[in-house]
Amino acid sequence: MEFSAKQIAQFIQGRVEGDENATVNTFAKIEDGKPGAISFLANPKYTHYLYNTESTIVLVDESIELEKPATATLIRVKNARDCVAKLLQLYESMKPKKQGIDSLAFISPKAKVGKDVYIGAFAYIGDGAVIGDGCQIYPHATIMDNVVLGTGCIIYPNVSIYHECRLGNNVTIHSGSVIGADGFGFAPNEQTGQYDKIPQIGIVTIEDDVEIGANTCIDRSTMGSTYVRKGVKLDNLVQIAHNTDIGSNTVMSAQVGIAGSTKVGQWCMFGGQVGIAGHITIGDKVFLGAQSGVPGSLKSNQTLIGTPPMESRPYFKSQAIFRRLPELYKQINDLQKEVEELKKGK
Amino acid sequence: MEFSAKQIAQFIQGRVEGDENATVNTFAKIEDGKPGAISFLANPKYTHYLYNTESTIVLVDESIELEKPATATLIRVKNARDCVAKLLQLYESMKPKKQGIDSLAFISPKAKVGKDVYIGAFAYIGDGAVIGDGCQIYPHATIMDNVVLGTGCIIYPNVSIYHECRLGNNVTIHSGSVIGADGFGFAPNEQTGQYDKIPQIGIVTIEDDVEIGANTCIDRSTMGSTYVRKGVKLDNLVQIAHNTDIGSNTVMSAQVGIAGSTKVGQWCMFGGQVGIAGHITIGDKVFLGAQSGVPGSLKSNQTLIGTPPMESRPYFKSQAIFRRLPELYKQINDLQKEVEELKKGK
Amino acid sequence: MEFSAKQIAQFIQGRVEGDENATVNTFAKIEDGKPGAISFLANPKYTHYLYNTESTIVLVDESIELEKPATATLIRVKNARDCVAKLLQLYESMKPKKQGIDSLAFISPKAKVGKDVYIGAFAYIGDGAVIGDGCQIYPHATIMDNVVLGTGCIIYPNVSIYHECRLGNNVTIHSGSVIGADGFGFAPNEQTGQYDKIPQIGIVTIEDDVEIGANTCIDRSTMGSTYVRKGVKLDNLVQIAHNTDIGSNTVMSAQVGIAGSTKVGQWCMFGGQVGIAGHITIGDKVFLGAQSGVPGSLKSNQTLIGTPPMESRPYFKSQAIFRRLPELYKQINDLQKEVEELKKGK
């Protein structure tokens with residue numbers, strides 16, 4: 001797959017500065033440039049790399065001004081970052097896709113498998129499972145009984161999807177993630193002096209266009225369903241407890257934890273390691289800074305950070321004063337003494 | 001499986017209000033009620049759902065008073081939540097269990113497998129392993145050499161149990177969890193300028209009635225054993241480091257981390273994302289709020305939160321004042337000035 | 001494998017006190033001692049165990065003074081802890097290693113497999129993969145297309161290594177870890193009102209002598225490579241995001257998260273649950289206390305804790321005053337009143 005500067009410029013509606021016949025066949029970061037690669041420059045901070053990158057072509061934001069000529073052929077575009085994403089998508093779409101059903105896969109005779117699928121060696125498809133057209137099921141994925149996958153899903157190695165769970169179309173799940181394990185429900189039994197398990201007979205429903213990272217867990221509900229709505233993106237090692245409902249297009253970074261029965265709105269963004277309590281409601285477009293801890297419900301359209309979360313500016317002020325608490329403490333005690341003196345002197 | 005209100009009322013010792021011949025075959029949350037389902041109402045906050053739920057039967061706490069008649073048949077009980085748990089257990093116990101050994105399983109000829117087991121396709125049972133009666137080993141579970149499982153254990157897909165580890169009876173381990181990986185032990189070697197690995201030749205011992213969530217890790221000890229005692233319940237993505245001892249009936253929510261050589265007492269409860277330092281002792285019945293960080297040992301019978309953990313009431317007070325630190329800071333500086341003025345004026 | 005006190009003393013250059021013909025065949029913690037075992041005593045706090053341990057031999061630091069005779073044979077050494085590590089390494093090295101390629105493994109005819117390897121049942125080796133001499137690939141490990149493993153790597157069950165990733169020599173990866181899943185990259189698309197995926201066409205490069213715990217995730221880069229440098233040790237459930245570069249001999253405890261494009265120096269040590277923001281630089285020898293949150297770059301040679309991280313001593317002071325904020329608050333308000341009084345009285 002080789003493309004000329006001219007072809008690329010046409011595809012992304014850019015303007016060539018330099019040799020329009022220069023060709024590339026791969027991508028490289030501008031600081032790791034090499035001949036035959038295309039790089040991009042969107043952050044003016046990195047402009048100095050432009051003058052000696054070895055990349056053959058560089059996508060550059062219209063707005064970036066050069067102090068001296070660049071050796072590479074440039075393609076000027078409105079938004080270099082967006083254009084790279086488009087080119088990467090094109091590149092990815094041209095890669096050959098895995099296909100066919102490996103003879104070492106286990107597919108229950110009671111399962112229903114669509115057209116144009118890939119099912120790798122040691123993949124396991126249980127009784128009554130439905131695999132939609134164009135799905136790719138990698139080695140060691142376990143699709144348990146009666147699971148339903150829509151079309152175009154990608155299930156990477158060592159993923160487990162427990163019985164009865166339902167995925168929409170174009171759902172991608174990375175290695176090691178577990179969909180539909182039992183929610184964490186136990187009740188102390190005074191007679192036996194132990195915990196009794198509360199069976200979790202519900203399921204997990206994952207709607208269209210969801211992508212789930214590696215080693216993430218989404219638990220099945222006690223009854224009914226845990227929901228992950230259309231377009232949600234979850235990073236690695238995220239915990240979604242039972243009976244939750246995650247609103248569409250919400251994005252969670254790695255190691256976030258959402259406790260049980262909580263409802264999260266649409267278009268939220270949570271930084272890494274955020275923790276959210278159970279049985280609460282988070283509105284739409286709530287942005288939470290990394291490591292925030294959320295004990296209670298939050299209204300829509302807020303950008304917050306901390307535990308409990310507050311607006312960023314006062315949070316950072318409070319944090320700065322926290323660092324100075326020892327001096328503040330001394331200052332107060334000194335003041336106290338001075339006031340005592342003044343009172344005596346009165 | 002269909003049951004009448006009369007049958008259910010007898011089973012849970014309740015009293016029918018309405019049609020005792022009404023039948024149900026499934027469960028539903030009261031807000032998602034549907035014909036043929038049984039729901040429950042324990043929280044008076046949800047009483048309004050009772051008047052228009054489509055569920056056929058609703059379990060209701062004796063104490064809840066109705067303002068108008070409900071359409072569903074009611075079964076009055078002392079504790080609706082407990083009764084639902086009992087009904088769910090009944091329902092679960094009546095489901096057909098997987099059984100038999102799949103021809104695609106790998107079972108070492110040197111392993112010993114009990115009666116009435118289920119061993120799925122691609123399950124792996126190593127040399128010298130012992131699988132007790134009634135165990136269920138799902139596809140892609142890996143039981144390494146000389147592992148011993150008691151009776152009635154359930155090992156879900158993609159679980160790894162490393163060599164020599166020992167599980168008691170009725171232990172359940174959800175997908176992706178790893179039992180007995182090497183504890184994290186390295187020593188800097190001044191001669192080589194690298195870390196040397198300290199081999200971890202111990203094991204993990206998991207006692208009876210333990211349930212472990214998905215993608216949780218319990219490391220083998222350096223020597224001797226890491227212990228998870230009878231009745232412990234661990235949620236997903238929990239980290240239990242080497243040489244620890246987790247007391248019986250202790251419960252940990254998702255993403256908790258316990259560092260090495262720490263001893264945790266019985267009947268503790270830790271909220272999500274709690275972190276506990278190594279080489280310390282936590283007493284019995286210690287309840288820790290979510291995200292607490294515990295640097296030192298804690299005595300029994302305490303409910304704490306924060307880093308380091310303190311009692312909830314002062315913690316929340318301190319937290320509230322943290323939010324007001326900027327005003328406090330200004331107040332102190334203003335006071336300082338006033339005192340300066342007073343001193344001058346003296 | 002049985003060794004006498006004399007043989008052991010020679011190996012670790014120690015001095016026998018007691019029966020030099022006493023033999024042992026296993027290890028035990030001094031508090032769990034048993035006949036035939038060797039224990040060690042490095043921490044004077046545990047000296048009392050020495051007088052009634054049942055272990056046959058105990059390694060003891062030269063510096064520890066006894067108040068009464070010990071029943072066990074002692075071997076006096078300069079550093080008992082180091083000597084135990086050496087003995088454990090010897091013990092481990094004498095254990096028989098798994099070898100041979102199981103007939104139930106899947107090895108692509110296009111893969112290249114070295115000498116003296118172990119490849120277990122249900123291991124999967126994709127097209128174009130290269131497995132170096134002496135590697136051990138356990139059951140259910142998935143090595144995808146074109147992955148390259150150096151010599152002497154150990155890949156435990158249920159590990160997934162995505163296509164094209166490269167491992168050096170003597171790399172150990174514990175169960176459930178995922179190397180090379182897609183970095184978390186999505187861009188909002190205003191036209192479709194959804195997120196577009198940014199394909200991640202880079203790889204992960206893991207250099208020699210790296211050990212990675214269980215259920216840890218290291219994402220592939222958008223382009224180029226995510227790097228884990230020589231001698232790095234990562235504990236369980238760690239998140240390493242795309243485009244990061246982790247410097248050699250850096251050690252991270254469980255549940256640490258490093259966000260995207262961050263560069264971490266050499267010989268750093270991060271406590272459990274630390275979170276580090278994206279696009280920043282951490283210098284060499286930065287030691288971070290557990291649960292620290294790092295929003296910005298940090299220079300080399302610092303020991304820090306907290307969010308944002310500060311030096312330990314002032315951090316613990318500020319933390320102590322945080323606990324007393326309610327009294328401080330009252331004190332300030334009382335002062336305020338007193339100053340008002342003084343002003344009136346003037």
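Which residue in β7(C) is the bridge partner of Asp61(C)? In this predicted model, where local features need pLDDT of at least 70, side-chain atom pairs count only at pLDDT 80 or more, and totals for chains, interfaces and linings use all residues, the partner turns out to be Val77(C). As for bookkeeping, residues are numbered from 1 along each chain as its sequence is written, chains are lettered from A and ligands numbered from 1 in the order in which they are written, and side-chain values use heavy atoms, with hydrogens and water left out.

That pairing belongs to a stretch of parallel strands in chain C. Helices (H or I, at least four residues) and strands (E, at least two) are DSSP runs, numbered from the N terminus. Strand β6 of chain C, residues 57-61, runs parallel to β7 (residues 73-77), and five bridges join them. On β5 (residues 37-41) of chain C, four bridges link up with β6(C), again in parallel; two strands pair if DSSP finds at least two bridges between them.

Is β6(C) enclosed or exposed? Five of its five residues are buried, so the strand is largely enclosed by the rest of the structure. Buried here means under 20% relative accessible area, exposed means over 50%, and partly exposed is in between (1.4 Å probe, protein chains only). Ile57(C), Leu59(C) and Asp61(C) point one way from the strand, while Val58(C) and Val60(C) point the other way, and all are buried.

A few backbone spots in the loops deserve a look. Most residues other than glycine have a negative phi, and most peptide bonds are trans. Gln13(C), however, has a positive phi near 55°; this residue is in the loop between α1 (5-12) and β2 (15-17) of chain C and counts as exposed, at 74% relative accessibility. Asp209(C) also has a positive phi, about 65°, and lies in the loop between β24 (203-206) and β25 (211-212) of chain C, but Asp209(C) is buried, with a relative accessible area of 18%. The peptide bond from Thr307(A) to Pro308(A) is cis, with omega near -10°, and Pro308(A) falls in the loop between β39 (302-305) and β40 (310-311) of chain A. In chain C, a cis peptide bond joins Thr307(C) and Pro308(C), with omega about -10°.

Turning to the contact between chains A and B, 69 residues of chain A touch 61 residues of chain B, with contact meaning heavy atoms within 4.5 Å. About 5200 Å² is buried between the two chains, and carbon and sulfur atoms give 63% of that.

Elements giving two or more residues to the chain A side include β21 (178-182), β23 (194-197) and α4 (325-345). Of these elements, α4(A) gives the most, with eight residues.

Notes: Buried area = accessible area lost by both parts, 1.4 Å probe.
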